[in-house]
Amino acid sequence: KEAIEHFSKIGNNVVEKNNNYLVYIHGIRGKLSKLNVLKNKHIPEIYLTSSMEQRTELLMGLMDTDGTVNKDRAMCEFTTVNKRLAEDVFTLCRSLGYKTTLIESDATLNGEFVSKKYRIHFVASKGDKVFKLDRKQERINSKKAADREDKKRYFIQSVVPCGRHSVKCITVEG
């Protein structure tokens, strides 16, 4: 019921069929075709370099459909059999500051190999918006384990002089 209410907010029509939901959004097919994502699942570069708010919204949509989270530690997992999509989701999570791992293993059905599968793991801090679906987001909001301040941060371990060279400079906020 929560899923139907959620998808009804973004689509013109929601149909449940065999525990799956079909969401019809008028005009979306042309937009997806223009981005070259129809039958070519990936995250276009323009989305990976968009604002933090837009990248967070993208992650929430992906996690709502193919993600899960445990409630004790808020360990989030996104699973797919599409390697390119997995690599893109890995990049997306890293761009949002998460320490992320990508695990490749075998996907099986009734003990038989089907394909490779790719699992992306990261731990969300209490209050991080990772899901739009309340039942999933609530697991993060009510997690039991305490968060470390440095959990999501990356550190510079060393600086090595390399002489004088022409370079392109970057600006880092903060």
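**Reading packed helices and a salt bridge**

Biologist: At what angle do helix α4 and helix α5 pack, and how far apart are their axes?

Modeller: Two packed helices are described by the angle between their axes and the distance between those axes. Here, helix α4 (residues 52-66) and helix α5 (residues 83-95) pack at about 135°, with axes 10 Å apart. Axes are lines fitted to C-alpha atoms, for helices over the stretch in contact, and angles run from 0 to 180 degrees between N-to-C directions. By the way, this is a predicted model: local features need pLDDT of at least 70 and side-chain atom pairs pLDDT 80 or more, while totals for chains, interfaces and linings use all residues. Residues are numbered from 1 along each chain as its sequence is written, and side-chain values use heavy atoms, without hydrogens and water.

Biologist: Which word describes how α4 and α5 lie to each other?

Modeller: Oblique: under 35 degrees is roughly parallel, over 145 roughly antiparallel, 65 to 115 roughly perpendicular, and the rest oblique.

Biologist: How many helices and strands does the chain have?

Modeller: Six helices and six strands, meaning DSSP runs numbered from the N terminus (H or I, at least four residues; E, at least two). The pattern along the sequence is α-β-β-α-α-α-β-β-α-β-β-α.

Biologist: And which residue forms a salt bridge with Lys 132?

Modeller: Side chains of opposite charge can pair when their charged atoms come close. A salt bridge needs a Lys or Arg side-chain nitrogen within 4 Å of an Asp or Glu carboxyl oxygen, and the count is three. Lys 132 pairs with Glu 57, their closest N and O atoms 2.9 Å apart. Lys 132 is in the loop between β6 (112-123) and α6 (134-141) and Glu 57 in helix α4, so they tie together parts 75 residues apart in sequence.
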